[in-house]
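Please open the model in your viewer and keep the sequence panel beside it. The tour below tells you what to select at each stop and what you will find there.

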Amino acid sequence: MSTTAKKLSLKDKYQLLTRDLDWETTYQPMDAVFPYDRYEGIKIRDWDGWADPFRLTMDAYWKYQSEKERKLYAILDAFSQNNGQMNISDARYVNAVKLWIQGISPLEYDAHRGFAMVGRAFRGAGARVACQMQSVDELRHIQTQLHAFSQYNKYFNGLRQFVHIKDRAWYLSIPKSFFEDAMSAGPFEFVTSISFAFEYVLTNLLFMPFVSGAAYNGDMATTTFGFSAQSDESRHMTLGLEVVKFMLEQHEDNVPIVQRWLDKWFWRGYRLLGLVGTMMDYMLPRKVMSWGEAWEIYWEENGIALFNDLARYGIRLPRHHEVAGKEKNRLTHELWSTLYNFGNALSLHTWIPTDEELDWLSSKYGEIFDRIYRPRFLYWREREQAGERWYMNRLPLVCQTCQIPVFYTEPDDPLTQCVRETRWNGMKYTFCSDGCKEIFEHEPHKYCQAYIPPQQIYQGNCGGATNIFEYAAWLNLDYKVDTSEYNGSPDQQNWVRWHASKIGSTDEAA
Ligand code: FE
Ligand code: ZN
């Protein structure tokens, strides 16, 4: 009697991949093979309770991804052959790209490494496979970003040294410390921080405004990689929600541990997003929406609804979320002012918004903007026009936890600087907020080790630099080429020249 091999369904294939390839070890106890998935205190009764909503097999994965790659690279080729860099709204826009390649792209690579490590650490095969695929996705994300941005690197300053400055620049230690905090935690905390708090709760605030901002500003390279990454993102977000629900369902003892992680990573994620908000309000010549509006839609509506859903597990809203609400009309003005003041040591340019842009900010932020921030910007503009562009000419004191300069103001008082301190083991540590202080105080042994660039300079550990100019040189930044004021910079002058000569430009860009 002849038989034909039965064709397996995708579901069967996934079952074989994630369960049939797994086994209980005998030469070594399982605890020795998986030493990391218990010490955080998370209790898992049954790893088979893990349900991956996508049930993606490796062959399906490679097929989908390669289709996306073909489309992406066809568009990137067209972008570069048509001098796509000439079609952006304004050369100031490229500074958003600089911030992305310096601050965010390296996090994609960290995510690649982090998920590879976490995939190894879980004893449940379903979770391991999901992490493995995300690890491969993240490697693809940094590759596609570098390819998309490389066209800008040919025409604009400030992008070329992004690898060199990743571990050295004071402002890049903000995203770097965020991710390395997660990577040096246990596997469950890593997945909670990155997959849930970052990808699920906050990614809308990161990805949507950036990609639609790119589209609004004529940046087809970024728009295309953004869409190409979007289907991966939805898988990652689902993994994040899945892992949190799985932990909460497996054992009631997990609830307080997960709650503390949600508190911590909400606050860290929110602090990091200040950079994205500032990009939206200040660095996009054509605006999409304001940070305040994005916060209302993505957090105050969607984020809070999500936490209401989790209430049935005993989860409450993250600590200090109301502080974020109080800061939403001030955050980006305070951060842009800081970047403007310390612009001598940035690998990007800063500027005072045009009158039209100031009016847009007034329309979005109302009375508080006109009372506090507009006069400040007008004063600085006056100084600049008088040939005395204002810089601090030193580096700021930064928060020991989030590493953002200590310049935000009190939640209930926009004119008083918010500074918190704690003493631990004979040392004084400074923080930007109660949220960051609490994170430190829970794990002082961890955060006391943070590499704080401004302190390293004063200790002589930054190429012997003794001032901000020597420090910027140690970052391989050309003074007033890569750094400082936009007006009068080579980027600005080139942009005017290219458009005056109309070479390679289109009517759109004029
Ligand atoms: Fe990614
Ligand atoms: Zn902080």
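## The whole chain

Begin by colouring the charged residues: the mean positions of the 55 positive and 65 negative charges of the protein are 2 Å apart, where Lys and Arg count as positive and Asp and Glu as negative, while His and the chain ends are not counted, and where the place of a charge is taken as NZ of Lys, CZ of Arg, CG of Asp or CD of Glu. Please keep in mind that this is a predicted model, in which local features need pLDDT of at least 70 and side-chain atom pairs count only at pLDDT 80 or more, whereas totals for chains, interfaces and linings use all residues. Residues are numbered from 1 along each chain as its sequence is written, chains are lettered from A and ligands numbered from 1 in the order in which they are written, and side-chain values use heavy atoms, with hydrogens and water left out.

Now switch to the cartoon view, in which the protein has 20 helices and four strands; these are DSSP runs (helices are H or I with at least four residues, strands are E with at least two), numbered from the N terminus. With 510 residues, a compact globule would have a radius of gyration near 24 Å, and the protein agrees with this at 24 Å; the radius is taken over C-alpha atoms, and the globule rule is 2.2 Å times the number of residues to the power 0.38. Of the 510 residues, 58% count as buried, a word that here means under 20% relative accessible area, with exposed meaning over 50% and partly exposed in between (1.4 Å probe, protein chains only).

## The iron site

Which residues coordinate the iron ion (ligand 1)? Select the ion, and you will find that E108 (OE), E138 (OE) and H141 (ND1) coordinate it at 2.0 to 2.2 Å, donors being N, O and S atoms within 2.8 Å of the metal (3.2 Å for Na, K and Ca), with the caution that water is not among the atoms, so sites may look incomplete.

## A buried arginine

Next, select R271 in helix α10 (residues 254–283). Is R271 buried or exposed? R271 is buried, with a relative accessible area of 2%, and beyond its neighbours within four places in sequence its contacts include E327, C402, Y408 and C436.

## Two asparagines in loops

Most residues other than glycine have a negative phi. Select N393, in the loop between α15 (367–385) and β1 (409–410), and notice its positive phi of about 60°; N393 counts as partly exposed at 41% relative accessibility.

For the last stop, go to N425 in the loop between β3 (420–424) and β4 (427–431), where phi is near 55°, again a positive value. N425 counts as exposed, at 65% relative accessibility, and its C-alpha atom is separated by 46 Å from that of W23, 402 residues apart along the chain.

Notes
Contact means heavy atoms within 4.5 Å.
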